[in-house]
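Morning, everyone. I have one structure to show you today. Please take a look at it before I start.

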Amino acid sequence: QDQTQDQTQDQTQDQSQTQTQQTSYSQSSSQSNPPISLRELHRRRRHRIRTHYSSGSYHASPSAWTAYTLCRQLRFGDTPDLLWLACVGVTDAYLHGRLDVAGYGAMTVDLKRHVGRLFPNELV
């Protein structure tokens, strides 16, 4: 009978300790990491995407420039119309903020060289 009372007391103590540990664990976990709302998750995701795209990491050379370079390598670069379209495409990319000043300057120097090559007697 004494053993039964001891076992009952041990079980009661174990249960109370377990409940105390679970309560303290749930309180500490909720205090250290409060649940994040869906709105907050969405805001953080949008901020991360906005930061990525505003860093300029998705802009490449203008497609008009790439097309002119490809045509020039394929020996079709002596067409003034293609050169004009490349100039317009590079200027458009610069005006709309898809090309920085350094990139625009480098491309315009190269385009001026091609204009001088195609139209040697013109004042550029």
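This is a predicted model: local features need pLDDT of at least 70, side-chain atom pairs count only at pLDDT 80 or more; totals for chains, interfaces and linings use all residues.

Let's start with helix 5, residues 101-118. It has 18 residues. From its first C-alpha to its last it reaches 25 Å, close to the 26 Å expected at 1.5 Å a residue.

Now, which residues of helix 5 are buried? They are Gly103, Met107, Thr108, Asp110, Leu111, His114, Val115 and Leu118. An α-helix has 3.6 residues a turn, so residues three or four places apart point the same way.

What covers that buried side? The cover includes helix 3 (63-73) and helix 4 (80-95). Now turn to the face of helix 5 that points away from its buried side. That face carries exposed residues: Val101, Ala102, Ala106, Val109, Lys112 and Arg113.

On to the rings. How many aromatic pairs does a search of the whole structure find? One. The partners are tyrosine 94 and tyrosine 104. Their ring centres are 4.2 Å apart. Their planes are at 15 degrees, and under 30 degrees counts as stacked, so this pair is stacked.

Where do the two sit? Tyrosine 94 is in helix 4 and tyrosine 104 is in helix 5, ten residues apart.

Key: Residues are numbered from 1 along each chain as its sequence is written. Side-chain values use heavy atoms; hydrogens and water are left out. Helices (H or I, at least four residues) and strands (E, at least two) are DSSP runs, numbered from the N terminus. The expected span of a helix is 1.5 Å times one less than its number of residues. Buried means under 20% relative accessible area, exposed over 50%, partly exposed in between (1.4 Å probe, protein chains only). Contact means heavy atoms within 4.5 Å. Rings of Phe, Tyr and Trp (its six-membered ring) pair if their centres lie within 6.5 Å; planes under 30 degrees apart count as stacked, over 60 as edge-to-face and the rest as tilted.
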